[in-house]
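Here are a few notes to read alongside the model. Take them in order and keep the viewer open.

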Amino acid sequence: NVDYNVSPFKIQHTATLTNTPPIVRFEEKGATIQGPIATVTKPALTRTTAMSTPLTLDVWAEDDATYSSGTGAPLLKPPPPVTIFWSHFRGAGQVTFDKARPEMQKLAGGNISEPFRGKYTTTVKFSAPGEYVLHMTANDYSGDGGGGEVCCWTSAMVKVTVTQ
C-alpha cells in the first residue's frame, strides 16, 4: 500500500514537492554522506588527537531546503535549514563538545525551497586516551527523527584515536 511506504531517503509530499536528507562532508571537497547510514564498518573518517589538544570537527552540509507542514501552512519563524548534533557513541573516557549543536555558517541559500550550503564547526575534548567513536546527525527542516515522516536526516560516525 503506497500509504505505508517508508523511505528514509526521499519523501514525496506532492507530485512536485520531494524532500531528501541533507548531504554532509567532513572535508570541503570530500566524500559525501546522505541518509541514516552511520556505520563504523565502512571506511570511516578517522582523526587523531592528544588529550591536551581539543579536536576541531568541521561539517559541510547541503540540503534541498524542502519544507512541508502537511497543511501547507508556511513557517512563521523557520529554523535553520540544517541542524547538526554531535554525541559520544563509544569510548571509555568522557567526551566534551564545545557545542554539541554547532551554529550554522551560511555559505549559500538558507530560505525555504532555496538550496542550502553551510558549514558547522565544534571542538571536542577527551578525558582519557583510547579509541572513540563520535556520532553526528544532520536534520533538515523535518527535525529530529524526520518529524514523524521517517525521512530526511543524515547520520555519520567519526573514529578518533586519543593519545596521552
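1. A word on exposure before anything else: a residue is called buried under 20% relative accessible area, exposed over 50%, and partly exposed in between, using a 1.4 Å probe and protein chains only. By that scale K99 is partly exposed, because its relative accessibility is 34%. E103 has a relative accessible area of 58%, so it counts as exposed.

2. Some housekeeping. This is a predicted model, where local features need pLDDT of at least 70, side-chain atom pairs count only at pLDDT 80 or more, and totals for chains, interfaces and linings use all residues. Numbering starts from 1 along each chain as its sequence is written, and side-chain values use heavy atoms, leaving out hydrogens and water.

3. Now back to K99 and E103: they form a salt bridge, with their closest N and O atoms 3.6 Å apart. The term means a side-chain nitrogen of Lys or Arg within 4 Å of a carboxyl oxygen of Asp or Glu. How many does the structure hold? There are 2 salt bridges.

4. R25 and E62 make a salt bridge too, at 2.6 Å from N to O. Strands here are DSSP runs of E, at least two residues long, and are numbered from the N terminus. R25 is buried at 17% relative accessible area, whereas E62, at 26%, is partly exposed.

5. Next, have a look at the open sheet of 4 strands, ordered β5-β12-β11-β7 with mixed pairing. β5 (45-50) and β7 (83-90) are at the edges with a single partner strand each, so one side of each has no neighbour in the sheet. From one strand to the next the twist averages 30°, taken between axes that are lines fitted to C-alpha atoms, with angles from 0 to 180 degrees between N-to-C directions.

6. Strands pair if DSSP finds at least two bridges between them. β5 and β12 (residues 153-163) run parallel and are joined by 6 bridges. Within that pairing, R47 sits opposite V160 in β12.

7. Which cysteines does the disulfide join? C151 is linked to C152, with 2.1 Å from S to S; the cut-off for a disulfide is two cysteine sulfur atoms within 2.5 Å. A search of the whole structure turns up 1 disulfide. The torsion about its S-S bond is about 60°, so this disulfide is right-handed. Both C151 and C152 are buried.
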